[in-house]
Amino acid sequence: MSDEAQGQITFPAVARCSFKEGGALYDYIAPFPVTVGQRVWIEGRYGKTKVYVGELLQESDKATASLIAPVEEEPADDGE
């Protein structure tokens, strides 16, 4: 059984990403480990954009651009 079939992806891999949750998926090269549901930065048509990782694949003929970096979430403001 392949690594992909067992749920194990080696990086670099391909992240299928969407611009909104549940939206159309587009393939990007993932040069660093990511997980499904994670937010990451890409360089899109209109500049740097946050996207959601929807799926992970070991390879894709459609992926030509790479993810830039994981989105660093701001700590929640607890009002103090």
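Reader: Is P33 buried or exposed, and what is its relative accessible area?

Author: The model is a predicted one. P33 lies in the loop between β2 and β3. A residue counts as exposed when its relative accessible area is over 50%. P33 is therefore classed as exposed, its relative accessible area being 60%.

Reader: Leaving aside neighbours within four places in sequence, with which residues is P33 in contact?

Author: P33 and F11 are 22 residues apart along the chain, and their C-alpha atoms are separated by 6.2 Å. Contact is judged on heavy atoms, with a cut-off of 4.5 Å. Once the neighbours within four places in sequence are set aside, the contacts of P33 are F11 and Q38.

Reader: Which residue does a cis peptide bond join to F11, and what is omega there?

Author: The residue in question is P12, placed in the segment before β1. The bond between F11 and P12 is cis, with omega at about 5 degrees.

Reader: How many helices and how many strands does the protein have?

Author: Read along the sequence, the pattern is β-β-β-β-β. The count for the protein is accordingly zero helices and five strands.

Reader: What is the order of the strands in the open sheet, and which strands stand at its edges?

Author: The five strands form an open sheet with antiparallel pairing, in the order β2-β1-β4-β3-β5. Each edge strand has a single partner, so one side of each is left without a neighbour in the sheet. On average, neighbouring strands of this sheet are turned by 50 degrees against each other, direction ignored. The strands at the edges are β2 (26–30) and β5 (67–70).

Reader: How many bridges join β3 to β4?

Author: Strand β3 covers residues 39–44 and strand β4 residues 47–57, and the two run antiparallel. A hairpin through two residues joins β3 to β4. Within this pairing, I42 has T49 as its bridge partner, and E43 has K48. The number of bridges between β3 and β4 is six.

Reader: Which residue in β4 stands opposite R16?

Author: Strand β1, residues 13–18, also runs antiparallel to β4, and five bridges join the two. The residue of β4 that stands opposite R16 is E55.

Reader: Over which rings do the charged ends of R39 and K48 sit?

Author: A charge counts here when it is within 6 Å of the ring centre and within 35 degrees of the ring normal. The charged end of R39 is 4.3 Å from the centre of the ring it sits over, that of Y52. For K48, the distance from the centre is 4.7 Å, and the ring is that of W41.

Reader: What percentage of the residues counts as buried?

Author: The threshold for a buried residue is under 20% relative accessible area. Of the 80 residues of the protein, the share that counts as buried is 28%.

Reader: What percentage of the accessible surface belongs to carbon and sulfur atoms?

Author: The accessible surface of the protein comes to about 5700 Å². The part that belongs to carbon and sulfur atoms is 48%.

How values were computed. Residues numbered from 1 in each chain as written. Predicted model: local features only at pLDDT ≥ 70, side-chain atom pairs only at ≥ 80, totals over all residues. Heavy atoms only, no water. Pairing = 2+ DSSP bridges. Helix = DSSP H or I, 4+ residues; strand = E, 2+ residues; numbered from the N terminus. Axes fitted to C-alpha atoms, helices over the stretch in contact; angles between N-to-C directions. Buried < 20%, exposed > 50% of the residue type's maximum accessible area, 1.4 Å probe, protein only. Areas by Shrake-Rupley, 256 points an atom, 1.4 Å probe, with all protein chains shown as cover.
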